[in-house]
Amino acid sequence: MQDQNLLYQIALTLARGIGDIIAKQLIQSVDHIEILFTEKKRLLERLPGITPRLADSLKDPEILLRAEREINFIQKNRIQTLFVSDEAYPKRMKECIDSPILLYYKGDNCLNSSKIISIVGTRHATEYGKETVDQITAELAATYPDLLVVSGLAYGIDIAAHKAALKSGLKTVAVLAHGLDRIYPSQHRNIALNMLQNGGLLTDFISETNPDRQNFVKRNRIVAGISDCTLVIESADKGGALITAEIAFSYGKDVLSVPGKITSAYSRGCNKLIKENKAALVESAEDIIRTLCWNESGTHNSCANLQMSIFPDLTEEEQQIYDILTCEDLQLNLLTIRTDKPVNRLTPLLFEMEMKGIIECVPGGIYRLNKQRV
């Protein structure tokens with residue numbers, strides 16, 4: 001029965017024109033996924049979002065034959081499949097609207113670790129970039145030995161992040177832009193094999209899938225969605241690392257960026273993220289810990305969950321502002337984004353909180369908690 005369910009799960013990912021969002025809608029519309037493949041076409045067309053063309057795609061016998069071949073590959077290579085409704089499916093990824101309905105994984109059980117950070121950057125990493133990866137990873141490992149580091153196994157910052165994690169005794173997972181029947185680039189095969197005992201390899205592509213260019217963009221959404229935050233270390237003003245950061249930002253995830261020289265081509269992307277208030281500036285592991293509000297229990301706490309008892313008379317809107325500023329000092333424009341309030345509504349709230357002595361505005365137009373009161 002389990003193989004039969006897996007057959008239809010894989011087949012659903014192979015149906016032409018049916019992406020992850022539509023697939024989830026279909027899964028919720030039927031009692032059992034096999035109905036999508038065994039029911040008559042005219043009945044399938046009654047399902048929400050199903051056109052005659054999509055119904056034809058579901059009735060194509062070739063996708064079931066291909067799914068059967070994939071099951072044989074999975075069993076032979078002891079690969080774990082994670083369907084979106086499975087308990088073991090990465091819980092952070094599940095919260096993303098376009099999360100893959102099916103993942104393929106080889107490695108140990110760490111995809112729902114209490115703390116997960118994605119580290120990405122240019123393929124043309126400088127010594128500064130690689131040294132920064134080593135420094136920050138070692139600092140994080142000293143405080144959080146259960147931390148999971150995620151990246152993409154590519155040249156440059158990606159492979160530096162995997163190596164730094166292994167060196168520091170951390171688990172690390174590579175998200176691949178192809179099936180698990182190959183390793184790309186092949187030069188990183190030994191590192192990938194080491195990761196199977198200290199993390200693993202993850203993908204949403206079936207075997208025999210080549211690492212084509214468009215697959216890397218698709219892969220990036222997993223890198224962004226599976227973690228608590230995305231840290232960018234060296235990036236040009238265009239490229240995969242910035243795409244990953246933009247995806248993470250769209251998911252409402254924390255984005256972090258290490259600044260670099262204004263004359264360095266591979267720092268322009270990082271500096272741009274900071275300048276546009278899409279990323280918090282990071283110089284050390286301490287900056288990451290503070291931004292994420294990671295506490296000693298090993299969980300990622302949103303600032304909105306922090307409770308305050310010393311100012312019991314705060315309104316709901318003031319409480320929201322306080323919770324945000326508990327994590328980091330912010331300028332007005334970034335506060336409008338975080339609170340989702342227009343400037344003309346936010347400004348009088350900030351003024352009132354200043355009058356109460358709860359917050360203060362310091363040079364640079366930055367708002368922070370009044371340290372004499374907190």
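Predicted model: local features only at pLDDT ≥ 70, side-chain atom pairs only at ≥ 80, totals over all residues.
The mean pLDDT of the protein chain is 89, with 93% of the residues reaching 70 or more. Over residues 301-309, however, the pLDDT is below 50, and this stretch has 14 contacts in the model beyond near neighbours in sequence.

Let me go back to the second largest pocket, whose volume is about 560 Å³. There are 25 residues in its lining, and those closest to the centre are Arg 123, Asn 220, Gly 239, Gly 240 and Ala 241. Helix H11, residues 213-225, and helix H12, residues 240-250, each supply at least two residues of that lining. By class, the lining divides into eleven nonpolar, nine polar and five charged residues.

How many cavities of 30 Å³ or more does a search of the whole structure find? The search finds one, and the largest cavity has a volume of about 50 Å³. Its lining includes Arg 123, Tyr 184, Pro 185, Phe 216 and Arg 219, and the classes in that lining are seven nonpolar, two polar and two charged. Arg 123, then, is a name to keep in mind, as it lines the largest cavity and is also listed among the residues closest to the centre of the second largest pocket.

Most residues other than glycine have a negative phi, and most peptide bonds are trans. The peptide bond from Tyr 184 to Pro 185 is cis, with omega near -5°, and Pro 185 sits in the loop between strand S5, residues 171-175, and helix H10, residues 189-195. Glu 234, which is not a glycine, has a positive phi of about 70°; this residue is in the loop between strand S7, residues 229-233, and H12.

Finally, a helix pair. The axes of H15, residues 316-327, and H16, residues 332-339, come within 11 Å and cross at roughly 115°, in a right-handed crossing. Gln 320, Ile 321, Ile 324 and Leu 325 of H15 make the contact with Leu 335, Arg 338 and Thr 339 of H16, and these residues divide into four nonpolar, two polar and one charged.

Technical notes. Residues numbered from 1 in each chain as written. Heavy atoms only, no water. Axes fitted to C-alpha atoms, helices over the stretch in contact; angles between N-to-C directions. Helix = DSSP H or I, 4+ residues; strand = E, 2+ residues; numbered from the N terminus. Left-handed = near helix turned anticlockwise from the far one by under 90°. Contact = heavy atoms within 4.5 Å. Nonpolar A, V, L, I, M, F, W, Y, C, P; charged D, E, K, R; others polar. 1 Å grid on protein atoms, 1.4 Å probe; cavity = no way out; pocket = protein on both sides within 12 Å on 5 of 7 lines; lining within 4 Å. Points joined across faces, edges and corners; volume = space filled by probe spheres on them. pLDDT = per-residue confidence, 0-100.
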